[in-house]
Amino acid sequence: MMLTANLLAACSASNNNHPAGLQQSEPAAGSTKGEAPEESFDPQQMVDASGAKLEFDSKVEKVACVVSLCVDIMAELGMVPAAIGESGVRTIATAEEFYGEQGTTFPSIGGSFFEPNLEDIITVKPDLVIGLLGAHDSLREGLAGVVPVYLAQPKTYTDSITLLETMGKLTGRTGEAKAAAERFLGKLDEAKQKAPKDKKALIMYGSDVNFSIVTDSGLGGSVLKEISHYPFKVNDPSEDPYGEGSIQYSLEKLLEENPDVIFVESYSYSPGTKALSGQMQELPLWSKLKAVQEQNVIEVRSPIWGDGRGTRSLGILIDEALEALYPDKF
């Protein structure tokens, strides 16, 4: 299928005032409002997280994924990626909750996470590339005139749902998108009803002892605050200049809050790097934390908890968090 997509205007990456997917085109002349017939496709016009406006006059059928979020969306829509990046993107694709063994067969996009191989993308002739704002902005220039690039950056779970619905419209899979959104919201609502919220939780992440935490305005925090006591906030905007919902933190401040359960997302940029919780064990203050003393420091799958960013990943986060926070109830 030949997709005609025009990038109408590109704004700077810092122009992030337009939540992705909020602008939709009006139905084509002669069409009716509501669910479109499966065979039809109403031209779509939308704005991504960078503020760039994109137009699609035919259905998107082949999507190349250079970010784990894209794999999450494809799985929720019942699609198979045309190609995927390596490292964490391949890891989430081969997770049993996603594609399992099938994920090992997807064509590879070589290069690094920040600089995916353009030739590998072009080879599979995708209709769309989904990337991450702030990481893949340069792809747009490299693929100009070849394939449109949609830059995403959901900051809350409602952003993730909006993005899923947007991709459902682009791919003609609005029913799958609606079902996935309802499945996630149902899981979250049930968790909110059952969770006593009497446990203080925290998500921390990093590759070494200079760690950061996810605040309640970050994606994972926006979910955990619904099912636990999550007091970690951005008190000074200068701490979080890009509004990502994460801030650098210290062990001293962590001891003041003294959470009951700490979820750790470890990242490694070289072979043999210890998990973050293992590195923290070498610091005397670490042993004074309640979560450490009660063995409630949990290394989670960072490709899903930290990088997944979509409704399927967030649903897994809910399941695993509930089991750790309230083992007698879940």
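Q: Is I318 buried or exposed?
A: I318 comes out at 0% relative accessibility, so it counts as buried. Buried here means under 20% relative accessible area, exposed is over 50%, and partly exposed falls in between, with a 1.4 Å probe and protein chains only. This is a predicted model, where local features need pLDDT of at least 70, side-chain atom pairs count only at pLDDT 80 or more, and totals for chains, interfaces and linings use all residues. Residues are numbered from 1 along each chain as its sequence is written, and side-chain values use heavy atoms, with hydrogens and water left out.

Q: Thanks! Which helix is I318 found in?
A: I318 is found in helix α12. Helices (H or I, at least four residues) and strands (E, at least two) are DSSP runs, numbered from the N terminus.

Q: And what is I318 in contact with, leaving aside its neighbours within four places in sequence?
A: F184, K187, L188, A191 and V223. Contact means heavy atoms within 4.5 Å.

Q: Let's talk cores. How many residues has the largest nonpolar core?
A: The largest nonpolar core has 82 residues, and M204, L254 and F263 have the most contacts inside it. Helix α12 (residues 311-325) gives the largest share of this core, eight residues. A nonpolar core is a set of buried Ala, Val, Leu, Ile, Met, Phe, Trp, Tyr and Cys residues joined through side-chain atoms within 4.5 Å.

Q: What does F263 touch, beyond four places in sequence?
A: The contacts of F263 include M204, L224, W305, A321 and L325.

Q: Switching topic: which cysteines form a disulfide?
A: C65 and C70 do, with their sulfur atoms 2.0 Å apart; a disulfide is a pair of cysteine sulfur atoms within 2.5 Å. The structure holds one disulfide.

Q: Left-handed or right-handed?
A: The torsion about the S-S bond of C65 and C70 is about -55°, so the disulfide is left-handed. C65 is buried at 0% relative accessibility, and C70 is buried at 0% too.

Q: How covered is helix α1?
A: Helix α1 (residues 68-77) is mostly covered, with ten of its ten residues buried. Among those buried residues are C70, D72 and E76. Just after α1, G78 takes a positive phi of about 75°.

Q: Which residues have a positive phi although not a glycine?
A: K197 is one, at about 60°, and R309 is another, at about 65°. K197 lies in the loop between α6 (174-194) and β9, and at 38% relative accessibility it counts as partly exposed. R309 sits in the loop between α11 and α12.

Q: What about the largest pocket, what's its volume?
A: About 1500 Å³. Of the 48 residues that line it, the closest to its centre are L132, Y267, G306, D307 and R309. On a 1 Å grid over the protein atoms alone, a pocket is an open set of points where a 1.4 Å probe fits, with protein on both sides within 12 Å along at least five of seven lines, and lining residues have an atom within 4 Å of a point. Grid points are joined across faces, edges and corners, and a volume is the space filled by probe spheres set on the points.
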